[in-house]
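Keep the structure open while you read.

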Amino acid sequence: MRAEVLAACLQATALPPGAFSLTVPTGGGKTLASLAFALDHAARHGLERVVVAIPFTSIIEQSAAVYRDALGEEAVVEHHSALDPIRETARNRLASENWDASVVVTTTAQLFDSLFARRPGACRKLHRLARSVLVLDEAQTLPPQLLAPILDVLGSLVRDYGTSLVVCTATQPALGRTAELPVGLEDVREIVPAEVRAFERLRRVRVRWPAAPEPTSYEALAEELTHEPDVLAIVHRRRDARELCETLDRKLGDTTTLHLSALMCPRHRSRVLAELKARKARQEPVRLVSTQLVEAGVDVDFPVVYRALGGLDSLAQAAGRCNREGRLNGLGELRVFLAPTAPPRGVASTALEVTRGLLAESPDLDPFQPDTCRRYFRRLYAAKELDAKGIQAMRAQLRFEDTAQHFHLVEDGWSAPVVVPWGDAAEHVARLEHAGPSRERLRALQGFTVQVQVKQREAWLARGLARPVADTVVVLGPELAPAYDERFGLVPERVGLLDAGLLVVSD
């Protein structure tokens, strides 16, 4: 199957530059096949480089490692905020800031925030996109409320600057121009022909939809999970993950269930994933409770996955963690349940309602069929304002400062980072306090940060529970260690509880 996908990619490289889609199911070899297309297409048509934009840093690091193995260290540079300072070199720093390499791997946010920026530092690498191949990976994550300006600038790159665009995903969002999407891209050509039947032949999962219209309580869900020794459960919110995990603990009488959420700092999450993979390598069953962050390119494999009903693209991503390696004798099972809590407001909430509508029409809905994805995204986009901030009007009026201020691919105004007291965070904070801020020292602290509500962080600062360091970083000190749980990460309601051991003075 992967060989046929690769062959289709190589055959399509002869097509003239323009807009392409690459729709390949999980396990179809998309990472290397898209790179093979991009390199050969560039060579055939005199294009100068390949730029790969990926929404999640976890996927970036995996993909960049694959690219370096294939092409060599010097051919690939990464440009994203989570780059490990141990791996960073002066060459990579300069090349990444200027996108001066044969293959550049960056974040989708870095790409689009730069395209709508006005400052020289953000814009100086944009000329590298002209006469290049731009691979837009996991394109279904593009925010609907910014879709009109995003598609307009992508169309301009293709039309005016000789860029070839590859829209790459297992859940193709149908970004081509249609009557329903007049702002869509023109003449998008699918690389893998329908006769390959990739989704049919690579089917590894069956879906079990909710049997009843009532929500499943976490008490009832935990009871079900006790009968599945090797299982992943994905919930909407961070608080939900902790509640379900604690309920499982009580029912099982142990704490062997693993937990993942964004209340854990990145280094902590990496350690849990390492433990999970070690257990799997020993062929031990694992129970994991997680928020949807586990769907963001995290390479895990379970025979059974429970997922709270949400957007069809999220369900498909959850299914990608089920029977991922195809090692089961039959199909894995994605069991969708109605959660007792709602997903976050905004796109996630709208996506849930669109999925409900499709299910009402087709109770046996197949979420893996490309036509189902197209229907889902058409309805999702129809339900949202595709230029909610009026970016296109600002651009038309040449209001560059306003455009840059209002266009942010990732809306993070509600949240702010704090450095948490976990691992050797205190040592990195001490170095920052002693020597002052630097690129390397600030990046080293990123692995120990958790995003919290801005008003919550401000309240902690006002009460002296958090402190600013070097005017750039807010830290919860080691005396607040009880606020950071070894399983669940930061527990906001515990911030203010002191470590009693630090109050003991001995002579």
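Buried means under 20% relative accessible area, and exposed means over 50%. The model is predicted. Take Ser 314 as a test case. Ser 314 sits in helix 12, which covers residues 312-319. Is Ser 314 buried or exposed? Its relative accessible area is 18%. The cut-off for buried is 20%, so Ser 314 counts as buried at 18%. Beyond the neighbours within four places in sequence, Ser 314 is in contact with Glu 295 and Arg 307.

Now step back to the whole chain. Of its 507 residues, 49% count as buried. The chain holds 19 helices and 19 strands. Its radius of gyration is 23 Å, close to the 23 Å from the globule rule for 507 residues, so the chain is as compact as a globular protein of that length. The C-alpha trace spans about 80 × 55 × 45 Å along its principal axes. Among contacts with a separation of 6 or more, 75% join residues 24 or more positions apart.

How far can the model be trusted? Mean pLDDT is 89, and 93% of the residues reach 70 or more.

Next, the interior. In soluble globular proteins, nonpolar side chains tend to be buried together. Here the largest nonpolar core has 97 residues. The members that touch the most others are Leu 111, Phe 112, Leu 115, Leu 129, Leu 154 and Leu 490. Helix 7, residues 147-161, gives the largest share of this core, with seven residues. Leaving aside neighbours within four places in sequence, Leu 111 is in contact with Ala 53, Trp 99, Leu 129, Leu 134 and Leu 136. A second core is separate and has 32 residues, including Ala 8, Val 133, Val 192 and Val 196.

Finish at strand 3, residues 76-79. In a regular strand the side chains alternate between the two faces of the sheet. Which residues lie on each side of strand 3? Val 76 and Glu 78 take one side, and Val 77 and His 79 take the other. All four are buried, and both faces are covered. Strand 3 pairs with strand 4, residues 103-107, in the parallel sense over four bridges. In that pairing, Glu 78 stands opposite Val 105 of strand 4.

Key. Residues are numbered from 1 along each chain as its sequence is written. Side-chain values use heavy atoms; hydrogens and water are left out. A nonpolar core is a set of buried Ala, Val, Leu, Ile, Met, Phe, Trp, Tyr and Cys residues joined through side-chain atoms within 4.5 Å. Buried means under 20% relative accessible area, exposed over 50%, partly exposed in between (1.4 Å probe, protein chains only). Helices (H or I, at least four residues) and strands (E, at least two) are DSSP runs, numbered from the N terminus. Contact means heavy atoms within 4.5 Å. pLDDT is the predictor's confidence in each residue, from 0 to 100. The radius of gyration is taken over C-alpha atoms; the globule rule is 2.2 Å times the number of residues to the power 0.38. Two strands pair if DSSP finds at least two bridges between them.
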